[in-house]
Amino acid sequence: MPRSIHAPVEKQDLDIMLQLYPLENHSASAIDGRISQLWKNGLQFEAVRCEREARESWLALLELEPTHLGALNRLGGLLARASENYLAREVFSEAVARHPADAMSRVNLANLLIKNDQFGQARAHLEEALAIDPNFDPAHAGLAFVLSRLDEPELAVRHGRIAFRRQCIVGARYRGDGQPIPVLELISTRGGNIRVEAFLSDRIFQRYLVAAEFYEPAMPLPPHRLVLNAIGDADLSGPALAGAAALLANTTAPVINPPAAVMATERAAIAQRLKAVGGVRTARTEMVDRELLAAPDAGTMLLELGFVFPLLLRSPGFHGGEHFVRLESPEELPQALEALPGHELLAMEYLDARGLDGKYRKYRAMMIDEQLYPLHCAVSRHWKIHFFSADMADSPEHRAEDAAFLADMPTVLGPRVMAALHSIQSALGLDYGGIDFGVDRQGNLLVFEANATMVILPPGSDAKWDYRRPAVERVCRAVHAMLMARAK
């Protein structure tokens with residue numbers, strides 16, 4: 001199958017890869033030797049992060065032996081890390097089909113399903129993995145996450161305790177040549193973690209991941225020079241933040257994003273804290289029990305809480321617009337409740353962020369080490385606006401707005417909004433975080449979200465996004481500089 005090792009894997013490659021090639025001209029021993037060599041090559045390429053070459057080795061091996069369990073799972077892992085999720089799922093599905101009694105293949109497939117929010121299917125594979133091996137910790141860990149998303153928190157905790165009963169601190173591989181900078185990275189097994197992999201290069205940092213829900217004060221900590229609290233979602237990860245706070249009693253190392261500061265960023269708490277800031281409008285926000293919202297008098301109850309329609313309902317713990325709806329009247333509550341998971345839901349006041357042209361704009365500013373950095377200005381005709389779903393790719397006019405914001409945020413926003421942003425940053429006290437906001441027609445800053453979960457996504461490969469690259473790189477450099485300075 002001649003192909004550049006730098007070419008991406010296409011669907012037709014997989015179709016060919018998973019067929020048995022005729023091997024009449026080769027002896028069995030020669031084929032076995034070639035398979036053994038390709039396996040060694042692939043592992044060596046992965047060890048030195050030559051992922052394209054490793055991918056080529058796995059493809060070549062699978063051409064010779066399409067059922068090779070290790071190669072299927074290795075190739076699937078490479079595809080998943082490259083966000084080629086459809087192809088990764090194809091490969092892991094093939095591994096499960098060829099090796100139905102292999103627990104790891106089922107866990108790998110479940111992890112891909114989790115990425116696509118297919119929690120029910122993921123659960124089935126994880127439970128099947130435990131039927132194969134009841135002590136398989138990766139399956140217990142997967143169920144700890146999945147069951148929390150399927151509203152079975154007690155069962156989720158039970159699986160989490162099994163998964164991390166022996167060890168809740170795991171060291172990641174270090175690939176550098178010199179002495180590493182050891183870092184404790186505190187995470188929640190329920191999700192809602194800050195994506196820090198891009199900042200913690202495994203050629204500079206030795207990462208020790210700590211499942212904070214299951215940390216106990218008697219557990220010894222590995223040597224470290226920095227604690228990075230990557231737990232970002234206060235609404236989802238209260239137990240993990242409590243564990244993180246307990247851990248800090250056993251270290252004197254500098255801490256990025258103290259757990260107490262993150263705990264104070266629950267959506268309802270933020271709305272209350274920031275409403276007194278000059279030039280800021282926040283949305284009235286209340287956590288409401290699902291049963292109350294399902295009651296016949298739910299509309300009256302919401303009015304008594306101070307809400308008017310239209311209003312917003314969302315499931316806590318989700319980001320990117322998932323499980324988030326606008327209701328125009330109380331009559332829409334039953335349909336919304338069918339679609340939204342969770343025993344409790346956030347009721348939120350609808351803030352009208354339309355400009356004079358009728359378009360919605362959502363700005364994001366990152367808060368890094370007491371400085372503000374513009375990250376995007378998304379423009380859309382729909383109220384639920386995110387950069388990846390906004391009207392940007394097909395609109396040079398909207399991209400020009402984004403470019404102007406990235407180039408000179410103070411001029412675009414004006415002194416009043418900039419002063420409000422600085423006040424919000426000071427109130428939150430986060431070393432790493434972000435503010436999603438709009439500006440109403442009176443010039444007030446409308447807070448949509450302000451917390452530590454903000455993601456810094458790289459621009460797409462298309463040349464139309466080249467204007468975004470310097471601003472994104474500037475933010476990433478600021479994060480890296482903060483980590484290095486604190487570690488010293």
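The legends below describe close-up views of a predicted model.

**View 1. The largest cavity in the predicted model, with helix H12 and strand S14 in its lining.** A search of the whole structure finds three cavities of 30 Å³ or more, and the largest of them holds about 120 Å³ of space. Its lining is made up of 13 residues, among which Arg267, Ile270, Val447, Phe448 and Glu449 are the closest to the centre of the cavity. Sorted by class, the lining of the largest cavity comprises seven nonpolar, four polar and two charged residues.

**View 2. The second largest cavity, lined in part by strand S4 and helix H19.** This cavity has a volume of about 80 Å³. The residues that line the second largest cavity are Ile194, Val196, Phe199, Leu228, Asn229, Ile256, Asn257, Tyr432, Val479, Met482 and Leu483. Strand S4 (226–229) and helix H19 (469–487) each supply at least two residues of the lining, and the largest share, three residues, comes from H19. Nine of the lining residues are nonpolar and two are polar, while no charged residues take part in the lining of the second largest cavity.

**View 3. The second largest pocket, with helices H8 and H10 in its lining.** The volume of the second largest pocket is about 400 Å³. This pocket is lined by 20 residues, and those that lie nearest its centre are Arg190, Asp235, Leu236, Pro316 and Glu344. Helix H8 (137–149) and helix H10 (238–247) are the elements that give two or more residues to the lining. By class, the lining of the second largest pocket divides into nine nonpolar, five polar and six charged residues.

**View 4. Aromatic pairs, with tryptophan 39 and tryptophan 58 as one of them.** The count of aromatic pairs in the model comes to eight. Tryptophan 39 and tryptophan 58 form a tilted pair, with 5.2 Å from centre to centre and 55 degrees between the planes. The pair links distant parts of the chain, since tryptophan 39 belongs to helix H2 (residues 28–47) and tryptophan 58 to helix H3 (residues 51–64), 19 residues apart. Tryptophan 39 counts as partly exposed because its relative accessibility is 26%, whereas tryptophan 58, with a relative accessible area of 0%, is buried. Elsewhere, ring pairs link Tyr363, Phe405 and Phe437 into a cluster.

**View 5. Two arginines placed over aromatic rings, arginine 314 with phenylalanine 324 and arginine 326 with tyrosine 350.** The charged end of arginine 314 sits over the ring of phenylalanine 324, at 4.1 Å from the ring centre. In the other contact, arginine 326 lies over the face of tyrosine 350, and the distance to the ring centre is 4.9 Å.

**View 6. Cysteine 50 and cysteine 168 in a model with zero disulfides.** A search of the whole structure finds zero disulfides. Cysteine 50 has a relative accessible area of 27% and is therefore classed as partly exposed. Cysteine 168, by contrast, has a relative accessible area of 3% and is therefore classed as buried.

**View 7. Asparagine 135, in the loop between helices H7 and H8.** Asparagine 135 is found in the loop that runs between helix H7 (119–132) and H8. With a relative accessible area of 52%, asparagine 135 is exposed, because the class of exposed residues begins over 50%. Asparagine 135 and alanine 163 are 28 residues apart in sequence, and in space their C-alpha atoms are 8.5 Å apart.

**View 8. Valine 91, a buried residue of helix H5.** Valine 91 is found in helix H5 (residues 85–98). The relative accessible area of valine 91 is 1%, so this residue counts as buried. Along the chain, valine 91 and asparagine 73 are 18 residues apart, and a distance of 7.4 Å separates their C-alpha atoms.

Notes
Residues numbered from 1 in each chain as written. Predicted model: local features only at pLDDT ≥ 70, side-chain atom pairs only at ≥ 80, totals over all residues. Heavy atoms only, no water. 1 Å grid on protein atoms, 1.4 Å probe; cavity = no way out; pocket = protein on both sides within 12 Å on 5 of 7 lines; lining within 4 Å. Points joined across faces, edges and corners; volume = space filled by probe spheres on them. Helix = DSSP H or I, 4+ residues; strand = E, 2+ residues; numbered from the N terminus. Nonpolar A, V, L, I, M, F, W, Y, C, P; charged D, E, K, R; others polar. Phe/Tyr/Trp six-rings, centres within 6.5 Å; stacked < 30°, edge-to-face > 60°. Buried < 20%, exposed > 50% of the residue type's maximum accessible area, 1.4 Å probe, protein only. Lys NZ or Arg CZ within 6 Å of the ring centre and 35° of its normal. Disulfide = S-S within 2.5 Å.
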